[in-house]
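Biologist: Can we go through this model together? I'd like to start with the ligand.

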Amino acid sequence: MRRRGEETKKTDDRIEALDRKLSESGIRIRDSDQRKVLDEVFDEVTLLALYKLANKKVITAVGGSISTGKEANVFAAEHGEGEDCVIKIYRIRTGNFNAMSDYILGDPRFSNIRKTKKEIIFAWTKKEYSNLSRAQEAGLPVPEPIAFDRNILIMGFLGEDGVPYPQLRLDPPDDPEAAYTECLDLITRLYQKARLVHGDLSEYNILSGGGRLWLIDMGQAVTPDHPSAHRFLFRDIRNINRYFGNRCTIHDEHEILRGIVGEDFFTP
Ligand SMILES: Nc1ncnc2c1ncn2[C@@H]1O[C@H](COP(=O)(O)OP(=O)(O)OP(=O)(O)O)[C@@H](O)[C@H]1O
Ligand SMILES: [Mg+2]
């Protein structure tokens with residue numbers, strides 16, 4: 001039997017080798033503090049995926065951390081000719097992935113994936129990429145999907161001069177009535193044009209900047225044929241009504257739901 005110390009050393013060696021490959025392929029880690037942050041999230045699988053993306057020149061630099069969430073870390077990065085982008089890395093070791101299973105297992109697009117933790121996280125990453133593509137094709141304001149590999153998603157940066165747009169909760173609207181109408185319009189177009197229900201919509205997953213609102217964090221979004229689609233849609237509407245309830249006049253949530261799903265309500 002191999003001793004644990006030896007195994008750890010072997011993994012360390014492999015990660016060091018991957019690190020070397022990363023810098024050989026031209027990817028810059030901007031500073032050593034940043035290196036430390038990355039070490040905490042980057043396991044071997046992630047480094048490998050990152051190495052592939054760097055090698056294919058999808059990313060050319062990794063910058064500072066933008067956010068550390070329950071399941072994912074978001075970093076600023078560069079791609080192409082030094083354009084800003086964002087890397088979202090779902091954590092394999094420490095991510096809270098139980099909630100992911102519920103969404104993914106009911107989604108007909110992902111019905112035949114293996115159900116190990118890694119497979120679910122990879123499928124989730126792919127799902128966020130395809131949800132963003134679908135939303136973008138339907139003309140919704142979402143980050144541009146650029147690439148994905150395993151647990152890593154590369155997308156367009158929403159912000160100005162390197163500063164990300166704030167979440168709606170941190171930048172309450174000057175004209176709440178207009179912002180409320182804009183939110184309902186986004187939910188409606190997402191359902192009717194992109195055929196998606198966001199599923200985790202709130203003032204946390206809406207960014208405000210450049211004179212408009214943006215939808216982000218689409219990993220959990222489902223198509224209308226998901227068995228819980230209407231329940232998720234109703235919850236999204238409720239969250240938006242809760243946020244705007246003490247800021248402007250809001251509409252009845254059942255009426256909003258009926259207005260959005262229309263005849264879908266009566267299809268068997
Ligand atoms: N494309 C982007 N451009 C600018 N900032 C972004 C972008 N995507 C995410 N962010 C920032 O990172 C934060 C976290 O991103 P996101 O909501 O996608 O993941 P999360 O909430 O951490 O996911 P989880 O549900 O796994 O915890 C956002 O609230 C936003 O501030
Ligand atoms: Mg979020």
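Biologist: Which domains does the shell around ligand 1 draw at least three residues from?

Modeller: Domain 1 (12-156) and domain 2 (166-266) each give at least three. Those bounds come from an automatic or database domain assignment. This is a predicted model, where local features need pLDDT of at least 70, side-chain atom pairs count only at pLDDT 80 or more, and totals for chains, interfaces and linings use all residues. Residues are numbered from 1 along each chain as written, chains are lettered from A and ligands numbered from 1 in written order, and side-chain values use heavy atoms, without hydrogens and water.

Biologist: Which residues come nearest to ligand 1?

Modeller: Glu71, Lys88, Gly156, Leu158 and Gln167, out of 21 around ligand 1. Being around it takes a heavy atom within 4 Å.

Biologist: What lies 2.5 Å from an oxygen atom of ligand 1?

Modeller: A polar side-chain atom of Gln167. Asn205 also has a polar side-chain atom 3.1 Å from a ligand oxygen. Polar contacts here are pairs of N or O atoms within 3.5 Å.

Biologist: New topic. How much of ligand 1 does the protein cover?

Modeller: 92% of the 620 Å² of accessible area that ligand 1 has on its own. That uses the Shrake-Rupley method with a 1.4 Å probe.

Note on methods. Polar contact = N/O pair within 3.5 Å; in protein donor to acceptor, adjacent residues only side chain to side chain.
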